Amino acid sequence: MAAVIFLFVLSYPVPFLFNIALLALVLLACAGLFDYLILFTKRTPVSAKRILPEKLSNGDENVMYWEIVNHYPFRAAMQLMDEFPEAWQIRDFKLKFLLETDEKTTLQYIIRPKNRGEYFFGDLYVFVKTPLQLIIRRKTFSAKESVKVFPGFLLLRQLEFMAHIKDPGNIGYKQVRKTGHSLEFEQIREYVSGDDIRSINWKATGRTGGQMMINVYTDEKSQQIYCIIDKGRTMKMAFEGLSLLDYAVNATLSISSVAITRQDRAGFISFGDKTGDFLPANHRATQMAGIVQALYNLDTRFLESDFGFLHKLIKTNVTQRSLLILFTNFESLTALGRQLPYLRNIAKKHLLLVVFFENTSLQTLASGQAGSIERLYEKVIAEKFVLEKKLIVKELQQYGIAALLTTPEKLSVDTVNKYLQIKARREI
């Protein structure tokens with residue numbers, strides 16, 4: 001079209017070009033009409049459908065698919081657009097591709113939800129062009145459907161594999177030296193090199209005529225493991241699009257799955273200002289469904305959490321000594337000091353593990369170079385807050401409270417590893 005316009009402009013000083021420009025315009029119009037006819041005369045030019053998983057894992061990379069079929073008798077250039085949920089704010093999604101006659105292709109796209117809940121998709125749009133590429137036809141497919149985003153479950157298989165390994169040190173995790181035996185006897189077997197000689201069963205050895213036999217013990221089962229999530233305003237802080245609460249929710253799902261796999265009883269507690277949720281510990285097959293349902297609608301509150309209410313809730317409902325894994329966040333020793341009396345009272349009867357978060361932004365700020373006076377001030381202040389996090393760990397350990405300081409992205413793995421260490425050391 002630009003060439004035709006250029007010819008018409010040149011025909012003013014060069015009149016014989018007018019007829020050539022007029023012929024080019026007619027040919028262009030005929031080509032456009034022909035392009036229109038072959039695009040729009042076919043009632044079903046393409047087929048398209050969206051394939052969603054049954055559920056999406058929050059904070060993880062999920063894959064969704066589209067199936068496209070070309071019913072034109074020629075190779076068509078296509079572009080796919082999808083109406084994603086408004087909350088995801090995906091505005092630059094376009095997939096361009098070429099399809100031969102009757103060719104079927106499957107396209108994929110990785111999405112990473114950052115909030116739990118139910119989300120609604122809209123229609124599908126396919127834009128088609130012939131090899132002439134003069135006109136574009138839009139084909140709309142009604143594909144309204146919804147999908148639920150659940151707490152992160154894609155990591156569960158890997159963590160369940162960890163649960164079956166008695167020596168985490170062999171797969172890259174910290175090796176734990178077992179001190180003593182757990183209380184449950186498993187079997188008697190032949191002694192092999194490397195076994196603890198303190199486990200030798202001399203009576204069984206005497207009956208075998210010289211072949212040494214040892215007692216084998218297994219970790220104690222049916223112990224109560226409670227994950228406690230703080231719903232206060234400190235858990236609303238976000239890292240990489242996910243709030244600390246969402247990281248804690250994913251870690252709770254992981255540790256509960258591993259605990260049930262090891263035949264321990266998993267339970268769940270959440271608390272805020274004056275309200276909370278309590279799910280009694282159990283190891284039944286339906287327990288995970290109950291935990292997922294409790295975690296699905298969990299949300300933070302803007303008020304400060306009441307640790308006194310948590311102490312009362314635990315004292316009333318958890319009567320047996322249990323491992324309590326508390327997911328919270330302390331930014332200063334002052335904030336810890338206000339809640340420390342309640343934590344100490346809880347730790348008198350139960351094994352309390354306080355899990356809180358490193359501020360990765362402050363660590364990045366503290367590790368950089370100071371190129372100016374202003375930057376030096378920022379670096380010193382950041383180092384002060386990073387050091388205070390480490391002092392919080394020391395303060396908790398001073399009163400016999402276990403503490404785990406970790407980054408949000410490593411929370412699930414580090415918490416599961418800490419649970420395996422506690423089991424190996426027979427601390428509960």
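Guide: What follows is a set of labels, each put against its cut-off. The model is a predicted one.

Visitor: Why is Asn329 called buried?

Guide: Its relative accessible area is 4%. Buried means under 20%, so Asn329 qualifies. The residue sits in the loop between strand 18 and helix 8 (333–349).

Visitor: What makes the pairing of Asn329 and Lys389 a polar contact?

Guide: The two side chains are joined at 3.1 Å. The limit for a pair of N or O atoms is 3.5 Å, so the pair is inside it. A polar atom of the Asn329 side chain also lies 3.4 Å from the backbone nitrogen of Phe357.

Visitor: What does Asn329 touch beyond four places in sequence?

Guide: Thr234, Met235, Met237, Leu244, Phe356, Phe357 and Lys389.

Visitor: Why is Asp102 called exposed?

Guide: Its relative accessibility is 57%. Exposed means over 50%, so Asp102 passes. Asp102 lies in the loop between strand 5 (95–99) and strand 6 (104–111). Its phi is near 55 degrees, a positive value in a residue other than glycine.

Visitor: Why is Gln263 called partly exposed?

Guide: Its relative accessible area is 42%. Buried is under 20% and exposed is over 50%. The value for Gln263 falls in between, so the label is partly exposed. Gln263 is placed in the loop between helix 5 and strand 16. Its phi is positive too, near 65 degrees.

Visitor: Which label does Phe18 get, and why?

Guide: Phe18 is partly exposed, because its relative accessible area is 39% and that lies between the 20% and 50% limits. Phe18 is part of helix 2. Leaving out residues up to four places away, Phe18 touches Phe8 and Ser11.

Visitor: Why is Pro45 called buried?

Guide: Its relative accessible area is 1%. The limit is 20%, so Pro45 is buried. Pro45 lies in the loop between helix 2 (17–40) and strand 1. Its contacts beyond four places in sequence are Val69, Asn70, His71, Tyr72, Arg137 and Lys139. From Pro45 to Leu353 the C-alpha separation is 61 Å, at 308 residues along the chain.

Visitor: And what makes Ala48 buried?

Guide: Its relative accessibility is 14%. That is under 20%, so the label holds. Ala48 belongs to strand 1 (residues 46–51). Ala48 touches Glu67, Ile68, Leu124, Val126 and Phe141, not counting residues up to four places away. Lys139 is 91 residues from Ala48 in sequence, yet the C-alpha atoms are 9.4 Å apart.

Visitor: What makes a group of residues a nonpolar core?

Guide: Its members are buried nonpolar residues of set types, joined through side-chain atoms within 4.5 Å. The largest such core here has 41 residues. Those with the most contacts inside it include Ile229, Leu295, Leu323 and Tyr419. Among the elements giving two or more residues are strand 13 (224–230), helix 6 (287–296) and helix 11 (411–425). Helix 5 gives the most, eleven residues. Apart from this core lies another, of 30 residues, among them Trp66, Leu80, Ile111 and Leu124.

Visitor: Which residues is Leu323 in contact with?

Guide: Beyond its neighbours within four places, they include Gln224, Tyr226, Leu353, Tyr419 and Ile428.

Visitor: How do you know that Asp306 caps helix 7?

Guide: A side-chain oxygen of Asp306 lies 3.0 Å from the backbone nitrogen of Gly308, at the N-terminal end. The polar contact limit is 3.5 Å, so the pair counts. The buried residues of helix 7 (residues 307–317) are Phe307, Gly308, Leu310, Leu313 and Ile314. Their cover includes strand 13, strand 16, strand 18 and helix 8.

Visitor: What lines the second largest pocket?

Guide: The lining has 17 residues, and Asp60, Tyr247, Asn250, Glu409 and Ser412 lie nearest the centre. By type, the lining divides into six nonpolar, six polar and five charged. Helix 5 and helix 11 each supply at least two of its residues. The space in this pocket is about 250 Å³.

Conventions. Residues are numbered from 1 along each chain as its sequence is written. This is a predicted model: local features need pLDDT of at least 70, side-chain atom pairs count only at pLDDT 80 or more; totals for chains, interfaces and linings use all residues. Side-chain values use heavy atoms; hydrogens and water are left out. Buried means under 20% relative accessible area, exposed over 50%, partly exposed in between (1.4 Å probe, protein chains only). Helices (H or I, at least four residues) and strands (E, at least two) are DSSP runs, numbered from the N terminus. Contact means heavy atoms within 4.5 Å. On a 1 Å grid over the protein atoms alone, a cavity is a set of points where a 1.4 Å probe fits but cannot get out, and a pocket is an open set with protein on both sides within 12 Å along at least five of seven lines; lining residues have an atom within 4 Å of a point. Grid points are joined across faces, edges and corners, and a volume is the space filled by probe spheres set on the points. Ala, Val, Leu, Ile, Met, Phe, Trp, Tyr, Cys and Pro count as nonpolar, Asp, Glu, Lys and Arg as charged, and the others, Gly among them, as polar. A polar contact is a pair of N or O atoms within 3.5 Å; within protein, one must be able to donate a hydrogen and the other to accept it, and residues adjacent in sequence count only if both atoms are side-chain atoms.
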